[in-house]
Amino acid sequence: MPEPTSKGHLNPGDAGVSFDRFELGPGLGELVRHVWVVRWNLAEGEIRPQRVLSYPAFNVVVQAGGAVLAGPDPRVSVTELRGSGWGVGVLFRPAAGTLLAIDPPRGLVGKVVPFRGAPTRRITALLEHDGSRHELVAALRQWLGPLGAAVDESGVLVNRVARAAESEADIVRAADLADRVGIGLRSLERLTREFIGVTPKWLIECRRLQEAATRLHAHPSTALSPLAAELGYADYAHFARRYTAIVGESPRATAKAAERRPSGEAEG
């Protein structure tokens with residue numbers, strides 16, 4: 001099975017920061033997208049900002065100090081890494097929204113709250129004592145198995161909606177998405193609000209902006225106007241406004257920053 005990749009991490013390949021991503025195997029595909037493990041070891045005084053445009057779903061993140069539940073965020077989030085450390089994240093499918101969230105999912109959009117349901121002590125012991133990936137998978141499967149069994153038909157449907165919005169480039173409007181999955185526009189809006197807390201429009205725009213940011217990071221010479229047209233924007237000006245509002249810098253700034261990236265750093 002190929003290793004999962006992520007377009008949510010907008011500046012992968014930083015020196016001193018390593019990511020590992022993997023799936024959890026049979027029975028959890030409608031609950032969990034993948035697990036990510038980050039480790040970093042930086043020289044004194046070094047800072048590595050990690051910019052993420054999150055997928056429209058929830059993450060549970062475990063670190064030595066405990067666990068948090070991160071809701072979908074319609075803006076780029078920045079985490080500054082210093083010194084050395086680790087983190088383990090479970091990126092859930094949209095179906096998990098009503099199973100994980102204490103509050104309705106819409107109340108957690110853009111928020112991070114403490115989470116007490118994860119096996120934090122066991123994960124911490126594995127990460128701090130060089131436990132194997134196999135042991136980590138076993139711990140996560142034991143925790144998540146009951147939740148996976150609780151995914152219902154509505155959960156499967158919202159997952160299908162998210163997959164279509166993410167993978168089908170010809171879907172550029174909410175009405176296109178509703179037609180593709182075979183439900184009415186109002187039903188689609190209720191479904192995404194209930195499980196994820198965001199609009200169908202955001203599912204589509206998230207895909208487009210993730211694609212733009214990761215493309216410009218990996219290939220900074222990409223022509224911007226053709227990229228805007230490829231992603232379904234009316235013109236470059238519209239694309240640039242939306243990109244700047246969400247990512248926090250212009251497409252040209254992202255490209256220039258990628259050009260200045262040290263040659264020893266890996267492309268994402």
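## A charged pair one turn apart

Let's start inside helix α7, where E211 and R215 sit four residues apart, so about one helical turn separates them. In this predicted model, the two residues form a salt bridge, with their closest N and O atoms 2.9 Å apart. Are E211 and R215 buried or exposed? Both of them are buried.

## The helix around them

Helix α7 runs through residues 200-218. From its first C-alpha to its last, α7 reaches 28 Å, close to the 27 Å expected for its 19 residues at 1.5 Å a residue. The helix is mostly covered, as 18 of its 19 residues are buried.

## The nonpolar cores

In soluble globular proteins, nonpolar side chains tend to be buried together. Here, the largest nonpolar core has 69 residues, and F92, L144 and F239 touch the most other members. Helix α7 gives the most to this core, with eight residues.

Take a look at F239: leaving aside residues up to four places away in sequence, its contacts include L209, A212, L224 and P251. A second, separate core has seven residues, among them V17, L42, V61 and L81.

## Salt bridges elsewhere

How many salt bridges does a search of the whole structure find? The answer is twelve. One of them joins the side chains of E166 and R33, at 2.6 Å from N to O. Because E166 lies in helix α4 and R33 in strand β2, this pair ties together parts that are 133 residues apart in sequence. E166 is partly exposed, at 32% relative accessible area, whereas R33 is buried, at 16%.

Note on methods: Residues numbered from 1 in each chain as written. Predicted model: local features only at pLDDT ≥ 70, side-chain atom pairs only at ≥ 80, totals over all residues. Heavy atoms only, no water. Core = buried A, V, L, I, M, F, W, Y, C linked by side-chain atoms within 4.5 Å. Buried < 20%, exposed > 50% of the residue type's maximum accessible area, 1.4 Å probe, protein only. Helix = DSSP H or I, 4+ residues; strand = E, 2+ residues; numbered from the N terminus. Contact = heavy atoms within 4.5 Å. Expected span 1.5 Å × (residues − 1). Salt bridge = Lys/Arg side-chain N within 4 Å of Asp/Glu carboxyl O.
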